[in-house]
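Visitor: Could you walk me through this model and tell me what stands behind each term?
Guide: Gladly; here it is.

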Amino acid sequence: MKKLMCGMALSLAASIVLQAGGVAIAAQTDSYRPSFAEAVKGKKVGLVFTDMNTDLTLIWADIIERDLNQLGVETEIRDANWSPETQVQALEAYLSASDKPDVLIIQNFNLTAAASPIKRLAESGTKMVQLNMRSRVDTNYYVGADWVGIGEAVANELVADCSPENGKSGKVALVQGDITAPDSFFQMQGMQLVFDAHPEIQVVSNLGSEWDSSKARDITTTVLQQHPDLCAVYGLWDGHHVGSAEAIKEAGLQGKVLSYTNGAGSRKACDSVSSGLVDKYWSYDSKRQASDVVTAVVSLLQTEDASDTRVAVYSPLTLISKETLDPAMCFDLD
Amino acid sequence: MSETAYQPFKRITRSVPKQVIGEALNKPWADSLIPFTVTVITIAIFASLLEGYLSTVNLGSLAHQFSETAIVVLAMGLVVMVGGIDLSVGSIFALANFVALYLIIALEVPVGGAVVLTVLMGAGLGAVNGLLCGILRMRAFIVTLVTMIIFRGIVSLLLLKFGSELALGAEDTPLWSFLGYGSVLGLPTNTIIFLFLAVGGHVLLTRTRLGAHIIAVGGSRLAARRAGIPAGRIAMGVYVLSGALCALAAVLYASRIGSVSYTTGKHLEILVLTAVILGGVSLGGGRGSIARMVMGALVVMVITNGMVRLGIRGGVTEMATGAILLFAILFDVKWLKHKDKLLNSTFVCPVKLTMPPLPDLTDKNSPYAVNDRLRDVEVIGLDQVDGPEDVILDRAGNLYTGVRQGEILRFLAPDYTRREVFARPGGRPLGLAFDRDDNLITCVAGMGLYGVRPDGEIFKLTDQSRRTWWRLRDDSRILMADDLDIAPDGRIFFSEATVRYALSDWIVDGLEAAGNGKLLCYDPATQKTTTVLQGLLFANGVCLSHDGHSILVVESWGSCVQRHWINGPKKGTTEPFIANLPGFADNINRASDGTYWIAIAGIRSPLWDLTMKSPGFRTRMIKRIPRDEWIFPNLNAGFIAKVDETGQILDVLWDRFATHHPSVTSMREHRGYLYIGGLANNRIGRIKLPAADPTWMGQDSYWGTRPAEASEA
Amino acid sequence: MTPQPRKMISLAGLLEERWAVLALVTALIIVAFAMFLPGFFTVENWVALIRSVSVLGILGVGAAIVIIAGGIDICVVAIMAATAGWFLQMTQDGASVALAFSLCFVLALAIGLVNGVLVSFFEMPALLVTIGTAMFLSGLTKLVLVKQSVVYVPEELVDFRFIGQGYMGGIPVPVIAFVCFAVIGHIFLRKTRYGHFIYARGDNPETARIIGLPTRPLVVGVFVISALVALCAGIITASASGGMNINISHGTLIFDVFLVAVIGGVSLSGGQGGILGVAIGALLIGVLLNGMTLMNLNNIYQDLFKATALLVAIVWDSLLHPVDPETAREGDL
């Protein structure tokens with residue numbers, strides 16, 4: 001009892017002292033709240049992705065919509081359904097709409113298609129976040145993978161794993177998605193730097209698969225027949241790389257030909273590593289990217305004039321391999 | 001005054017409003033009605049769902065985004081109309097897009113040069129298709145399928161080698177950004193170019209010979225070939241044009257989007273084919289128009305764009321496009337199949353006609369009492385003539401008649417056993433008359449008013465009259481010139497039996513009873529054709545009265561004859577000559593004693609009169625039962641009547657047992673004989689008229705006797 | 001064209017048959033490759049070769065039946081994607097293989113019926129109808145039947161993988177399936193009554209109708225056959241690849257199917273050709289692609305070469321059998 005009385009007296013004294021010192025606790029409001037409420041009131045965010053049927057776009061849509069809606073921001077989705085034309089139509093429609101969104105989140109197809117509408121939307125005052133696939137135009141935020149960095153990282157791994165000094169042939173095959181897409185363009189930049197410095201590594205095939213796993217499969221089958229001593233196949237996106245992995249397995253070379261890829265990091269990433277289809281998987285964790293986007297949006301909404309804002313939020317990479325495998329590295333789509 | 005009397009204004013005002021619908025549906029632009037309605041409905045739906053859809057800003061934006069696709073629609077549409085298909089449009093588009101960007105970005109060719117080179121390349125690619133499909137006559141589907149894959153493969157190869165180089169896009173030069181983002185007269189540049197091409201295409205198809213040839217080749221390549229049209233070269237030309245148009249569209253696309261990607265032009269051929277089919281351009285070829293293609297394109301683009309903007313998932317848009325395509329095809333197939341039936345049933349617009357009481361032919365005391373006076377006719381040209389509708393004799397006594405084969409035959413005097421083809425005007429020669437200079441003037445159904453000189457040379461007098469301004473259907477072409485006569489001053493009065501029906505279905509005019517016939521006048525001095533009378537119920541026989549002051553004109557379905565004054569105090573007025581005949585009269589000609597002969601081709605029946613009283617009955621009949629089973633005016637049994645100047649019947653001649661002349665359409669008196677013709681007969685008849693003047697003949701009656709010929713006879 | 005009993009087989013007479021020329025050309029190419037390309041004429045290479053074109057061959061059999069009957073079915077790849085994709089999605093979500101397969105069977109049947117009825121009873125042109133149903137089906141698949149563009153074979157379905165990846169007597173199962181389909185198709189077309197009716201209907205639909213052949217049920221039947229063949233092809237593909245990518249309905253597979261049929265002598269105007277030609281056509285394509293792979297050409301060159309070779313083939317065919325403009329059938333695309 002005495003201790004309790006002492007304690008209460010102490011805390012009372014403390015609060016008086018603290019109050020006297022001017023640091024408000026119980027009676028002070030959270031000063032961020034009013035301006036936050038003002039910033040998000042009646043605001044709308046538009047999501048314009050390449051399609052709505054892949055693991056990245058599905059998790060992005062899920063998390064972004066869930067979180068933003070909870071914060072009081074309205075969201076709407078425009079499905080380009082694998083057609084850059086359609087995406088341009090959606091963006092152009094926003095340009096002339098009376099109720100255009102305040103922030104747009106755009107995943108581009110390639111560097112040029114949406115560049116013009118994006119530029120004009122920026123000039124008209126719309127704040128924009130480019131997500132994972134940028135156009136040649138800068139926008140307020142870029143949230144996504146650092147493709148040049150991924151290219152460098154993967155190239156270095158390939159050098160290490162395939163070098164003739166380690167008894168390997170030095171031959172690698174690259175399977176791109178859309179050659180003109182930013183992920184291909186920038187990854188190749190990063191890879192080229194490394195390969196130029198390491199002439200012992202020979203890129204025997206560097207074709208585009210148009211994001212199609214069956215095309216990737218055909219390409220890989222051909223390459224494996226042409227180069228039976230191939231060291232590794234790197235697919236620049238896991239969506240089409242699954243075809244290459246199957247081709248390797250079909251040729252009975254699983255484990256002998258290395259299978260590398262990158263992607264969103266959904267459950268199938270961990271599954272494919274554990275089953276041996278993929279040897280090394282660089283995940284940029286699209287679930288985390290979605291949260292980053294929410295942060296970017298919230299930040300932009302609270303910025304009056306964002307015309308000078310140029311922020312890049314590169315996604316940290318997680319290398320998933322048999323050695324490092326941990327179920328927590330992969331997210332599940334519900 | 002019964003309704004059969006000449007009351008043109010009343011007849012016209014009663015019939016024309018109903019006819020408008022049928023005539024509207026028969027117009028070439030009627031085929032566009034359905035696509036037009038669909039377009040309007042589609043735009044209305046999306047305008048209501050999307051705010052600000054119809055604002056200038058939005059419409060301008062839509063036009064900007066779709067003009068390139070619309071140009072490709074024109075390309076595909078033209079190829080489909082010529083009877084082919086071009087599945088490679090998407091690949092040509094992609095290749096041209098790449099080449100244009102490569103020229104401008106990598107090779108730094110000036111914009112103008114790049115455009116020209118790219119379009120030429122497109123034309124060259126189209127020429128490959130054209131050579132294989134047009135000249136070598138290979139199957140377009142499989143050939144363009146293969147070229148599609150080949151061109152697409154070339155694009156992939158080029159992308160592989162040069163794609164990264166072009167990935168960052170082009171520098172903005174003034175001309176380049178003008179093409180992509182400039183505007184002319186408030187419309188985006190690519191839209192202006194599209195409109196220019198669309199109008200040009202329309203003019204090409206509808207007003208030029210080449211366009212008619214394109215449609216002909218598409219409609220029936222074989223028939224076009226036989227008509228002398230170089231089908232292979234025409235088809236080749238269209239494919240080349242298609243390639244060039246796709247390339248042009250691609251250049252505009254490049255200036256707007258500026259990206260090279262494997263997705264460029266993908267599925268463009270399906271999208272464009274859907275638009276073309278929606279617009280009612282038939283896949284067999286030969287049917288369609290630029291306007292309809294554009295409407296189809298509009299519908300497809302509005303729907304796909306609208307669905308994107310409504311936030312609808314891609315899967316739904318695809319399903320909707322597929323469903324719309326299926327409905328469009330279904331409708332097109334059904335429309336083609338039933339169109340003629342529908343048009344026929346709406347074109348005919350029966351009108352009520354109250355006939356005067358039918359004279360009783362069984363009454364022995366009736367002036368029309370049946371006899372058998374034509375039993376003993378002499379037969380001329382048995383089985384050598386097919387349908388001698390009108391007969392006439394020249395000063396030398398040779399017998400002329402027009403037959404079904406489009407010829408005017410001549411039987412030589414005096415025995416009429418020798419037969420020769422005097423002239424071959426074509427069409428269906430009907431009424432005949434000699435003018436002052438002994439030229440044989442004839443009304444040729446299907447062609448107009450023609451003349452034949454004594455040496456057999458054919459010349460055209462007229463085939464057009466002034467278009468009736470209040471008729472929707474263009475009736476300036478004379479489709480059914482029937483009979484004629486010539487006034488002393490040389491003016492030719494001739495009848496246009498009906499303006500709404502032609503040689504193949506003139507008898508349906510009887511069911512309409514709408515007063516579609518006209519009396520026309522051709523003046524050789526001014527070469528002008530004027531309309532003298534309108535609203536006639538099948539204007540048939542024409543005869544100048546003996547005093548030359550009036551024209552008698554027969555109204556077949558009216559069972560009456562009108563007199564129109566051309567001279568004298570009553571000039572310009574019309575009064576009934578014979579108000580009530582027992583049947584449908586055909587030709588009327590002068591007799592030797594100041595009276596007239598009139599041929600009655602068929603008899604009215606009480607059933608017919610009843611049918612005329614009920615237009616509703618006739619409408620239902622036309623719509624519900626096949627044409628073979630309709631009630632038609634009877635033209636199977638008739639007679640010849642002699643009438644005097646007051647219109648009173650003096651004499652009748654029947655072929656009671658239908659041995660030689662059951663149905664008579666004309667008779668001509670010449671030197672004491674009466675020569676008889678029939679529209680469906682296989683002979684000409686000649687009967688002696690004991691009481692007639694044996695020296696009288698038509699030419700003398702009209703133009704005076706000639707001393708020289710008079711002595712020959 | 002009714003098959004007539006052959007009295008005497010002479011080389012010249014044999015060469016009249018399209019497939020014979022094709023077989024000759026194929027044989028020549030095989031000989032050339034065997035002589036100049038090391039590794040071409042090995043057992044494993046041939047196994048891989050035939051295996052790579054098995055699915056194409058199966059689809060070619062189905063396509064041949066429809067085309068010979070006078071129709072065309074653009075819908076087959078969409079049916080493949082839809083049925084196989086739905087099957088995998090259902091088994092992923094826990095349904096039994098039997099149930100999933102039954103439902104997919106019903107789906108394929110329904111689509112075949114719809115196509116057939118629209119073409120025969122509503123008299124709509126087969127080309128456009130099947131383009132429309134393909135679009136509709138593709139959208140439906142994306143919207144309702146599958147969740148993601150690529151659906152994987154569930155880990156538990158080990159037996160299922162046997163269909164695409166297993167071997168029976170050293171021969172890959174897909175190859176055996178192809179041979180079975182080809183044999184059954186051949187017997188059906190050449191030896192049964194309905195096969196003869198199909199040729200008749202394709203050769204001259206009006207006459208076939210007038211002499212009393214059941215043309216409408218026949219057309220419905222061939223579209224149903226085509227759909228079911230597509231279902232089987234889809235199952236095999238899914239099993240072989242470990243998944244089904246529904247975007248193949250937007251790819252060029254459908255055109256490869258027609259090329260196999262056409263190069264195999266099946267005329268697009270109907271009434272001509274046979275399964276034998278299709279089989280040889282598929283073989284020829286496999287040989288060409290395999291040869292090019294061994295010649296170190298990448299896939300783009302292979303596609304280009306394949307298409308160019310086909311162009312040469314059809315041009316040559318048309319020069320050998322030129323179309324007589326006076327007697328050619330009008331309105332053929």
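**Domains, contacts and chains**

Guide: The centres of domain 1 of chain A and domain 2 of chain A, taken over C-alpha atoms, lie 31 Å apart. This is a predicted model, where local features need pLDDT of at least 70, side-chain atom pairs count only at pLDDT 80 or more, and totals for chains, interfaces and linings use all residues. Residues are numbered from 1 along each chain as its sequence is written, chains are lettered from A and ligands numbered from 1 in the order in which they are written, and side-chain values use heavy atoms, with hydrogens and water left out.

Visitor: What makes up domain 1 and domain 2 of chain A?
Guide: Domain 1 covers 32-144 + 286-314, and domain 2 covers 147-283; such bounds come from an automatic or database domain assignment. Their contact (heavy atoms within 4.5 Å) takes 12 residues from domain 1 of chain A and 14 residues from domain 2 of chain A.

Visitor: How much area is buried between these two domains of chain A?
Guide: About 1000 Å², with carbon and sulfur atoms giving 67%. Buried area is the accessible area (1.4 Å probe) that two parts lose on being put together, summed over both. On the side of domain 1 of chain A, Asp55(A), Leu111(A) and Met133(A) supply 43% of what is buried against domain 2, more than any other three residues.

Visitor: Why is the pairing of Asp55(A) and Lys268(A) called a salt bridge?
Guide: The term asks for a side-chain nitrogen of Lys or Arg within 4 Å of a carboxyl oxygen of Asp or Glu. Asp55(A) and Lys268(A) have N to O at 3.4 Å, so the pair qualifies.

Visitor: How many residues does the contact of chain B and chain C take?
Guide: It takes 51 residues from chain B and 45 residues from chain C, and the area buried between the two chains is about 4500 Å², 76% of it from carbon and sulfur atoms.

Visitor: Why does the radius of gyration of chain C agree with a compact globule?
Guide: The globule rule is 2.2 Å times the number of residues to the power 0.38, taken over C-alpha atoms. For 333 residues that gives a value near 20 Å, and chain C has 20 Å, so the two agree. The C-alpha atoms of chain C fill a box of roughly 60 × 55 × 35 Å along the principal axes.
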